[in-house]
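I opened this entry to work out where one residue sits in the fold, and then to see how the rest of the chain looks around it.

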Amino acid sequence: MMQTRTVAKLNFDGCNFCSKLREQVRMLIEAPDGKRICNECAVGAKQILDEQAAEERAEADKIKRSDAPKTPTMGRVVRFIDYADRGIVA
Ligand SMILES: [Zn+2]
């Protein structure tokens, strides 16, 4: 009964991040649960992860004490919420 949302997403043939359709992007990567991310969003997500990692390294060099984790700034990639819930994106 709670699966209607998932079913709707599975029927959508496109990127679950930016909502572009399959024919609008060069490549779609499919998750085990059927959700998809396009090449553009994957690159955007990778950049955010790289920037975060670089920032964290720089921060760790300055201060040893770690604060609460920072929320990544959403530029091109709009919604991480669903993936974060499933632990795909930390
Ligand atoms: Zn996308």
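I looked up Arg22 and placed it in the loop between α1 (4-11) and β1 (28-30), where helices (H or I, at least four residues) and strands (E, at least two) are DSSP runs numbered from the N terminus. The model is predicted, so I noted that local features need pLDDT of at least 70 and side-chain atom pairs count only at pLDDT 80 or more, while totals for chains, interfaces and linings use all residues. Residues are numbered from 1 along each chain as its sequence is written.

Leaving aside neighbours within four places in sequence, I found Arg22 in contact (C-beta atoms, placed from the backbone, within 7 Å) with Asp13, Gly14 and Leu28. I also checked Ile37, which is 15 residues from Arg22 in sequence and 10.0 Å away in space, C-alpha to C-alpha.

Turning to the protein chain, I noted 3 helices and 2 strands, in the order α-β-β-α-α from the N terminus. Of its 90 residues, 9% count as buried.

Finally I looked at pLDDT, the predictor's confidence in each residue from 0 to 100: the mean for the protein chain is 79, and 59% of its residues reach 70 or more. Among the elements, α1 has the lowest mean pLDDT (55), and strand β2 (residues 36-38) has the highest (96).

Note on methods. Contact = placed C-beta atoms within 7 Å. Buried ≥ 20, exposed ≤ 12 C-beta atoms within 10 Å, placed from the backbone.
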